[in-house]
Amino acid sequence: MSKPLKFKPCLIFPFLYLLFIDSALATKKVSPESVAGAVTVNTIEAKKLFDQGAVFLDVRSNRDWEAGRIPGSKHLELKKVFNQQSLLTVARPDQKLVIYCNSTGCTRSSKASKKVVNWGYTSVYYYRMGFPTWQSKGYAVE
């Protein structure tokens with residue numbers, strides 16, 4: 001007769017970690033570093049564009065928009081409002097357009113930038129670092 005198997009937590013827990021925790025981290029969204037047809041800008045470059053009067057487009061959720069934004073930004077929530085027609089109400093295809101969301105964990109600005117380029121906009125700036133970094137630099141917010 002064979003002995004019953006004993007539960008060995010030291011062997012089970014690493015397996016569970018690899019199965020659940022590690023796979024959850026692997027699926028975390030990370031925005032791309034660049035978008036074809038758009039110029040990726042850092043925070044200092046975004047501020048220069050702001051000072052030059054470029055149109056800033058915030059594609060974050062309504063809740064994030066209401067919590068704070070770059071002054072004068074236009075808001076077109078990506079999942080509900082953003083489309084070619086709504087974009088024409090805030091920017092012409094030849095205007096400098098800076099698109100942002102909530103840093104590298106947010107893919108909304110990259111998705112919007114890709115669409116805008118495909119719609120024929122010629123001066124598209126992808127501000128990957130987004131509002132949190134703008135705010136952390138001490139730049140004006142509203």
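**View 1. Ring pairs tie six aromatic residues into a cluster.** Phe50, Phe56, Tyr100, Tyr127, Trp134 and Tyr139 are joined into a cluster by ring pairs. A pair here means rings of Phe, Tyr or Trp (the six-membered ring for Trp) with centres within 6.5 Å; planes under 30 degrees apart are stacked, over 60 edge-to-face, and the rest tilted. This is a predicted model, so local features need pLDDT of at least 70, side-chain atom pairs count only at pLDDT 80 or more, and totals for chains, interfaces and linings use all residues. Residues are numbered from 1 along each chain as its sequence is written, and side-chain values use heavy atoms, with hydrogens and water left out.

**View 2. Phe50 and its ring partners.** The structure holds 7 aromatic pairs. In one of them, Phe50 and Phe56 have ring centres 5.6 Å apart and planes at 80 degrees, so the pair is edge-to-face. Phe50 is partly exposed, at 25% relative accessible area, while Phe56 is buried, at 2%. (Buried is under 20% relative accessible area, exposed is over 50%, and partly exposed is in between, with a 1.4 Å probe and protein chains only.) Phe50 also makes an edge-to-face pair with Trp134, at 5.3 Å centre to centre and 70 degrees between the planes. Trp134 is buried, with a relative accessible area of 0%.

View 3. H2 spans residues 43-51, and its buried residues are Thr43, Ala46 and Leu49. They sit on the same side of H2 because they cover an arc of only 115 degrees around the axis; the arc is taken from the directions from the helix axis to the C-beta atoms. Over on the other side, Ile44, Lys48 and Asp51 are exposed. Helices (H or I, at least four residues) and strands (E, at least two) are DSSP runs, numbered from the N terminus. What do the buried residues of H2 pack against? Their partners are strands S2 (55-58), S4 (97-100) and S5 (124-127), plus helix H6 (130-136). Contact means heavy atoms within 4.5 Å.

**View 4. Arg69 over the face of Trp65.** Arg69 lies 4.2 Å from the ring centre of Trp65, over its face. The side chain of Arg69 also reaches the backbone oxygen of Trp65, at 2.6 Å. Where is Arg69 in the chain? Arg69 is in the loop between helix H3 (62-67) and strand S3 (74-75). Is Arg69 buried or exposed? At 18% relative accessibility, Arg69 counts as buried. Leaving aside neighbours within four places in sequence, Arg69 touches Asp58, Arg60, Tyr100, Phe131, Val141 and Glu142.

View 5. Thr89 is in the loop between helix H4 (84-88) and S4, and is exposed, with a relative accessible area of 63%. A polar atom of the Thr89 side chain lies 2.5 Å from the backbone oxygen of Ser86. Ser103 belongs to the loop between S4 and helix H5 (108-118). Although not a glycine, Ser103 has a positive phi, near 80 degrees. Ser103 counts as buried, at 16% relative accessibility.

**View 6. The whole chain, for orientation.** The protein chain has 6 helices and 5 strands, running α-β-α-β-α-β-α-β-α-β-α from the N terminus. Of its 142 residues, 39% are buried.

Key
A polar contact is a pair of N or O atoms within 3.5 Å; within protein, one must be able to donate a hydrogen and the other to accept it, and residues adjacent in sequence count only if both atoms are side-chain atoms. A charge sits over a ring if NZ of Lys or CZ of Arg is within 6 Å of the ring centre and within 35 degrees of the ring normal.
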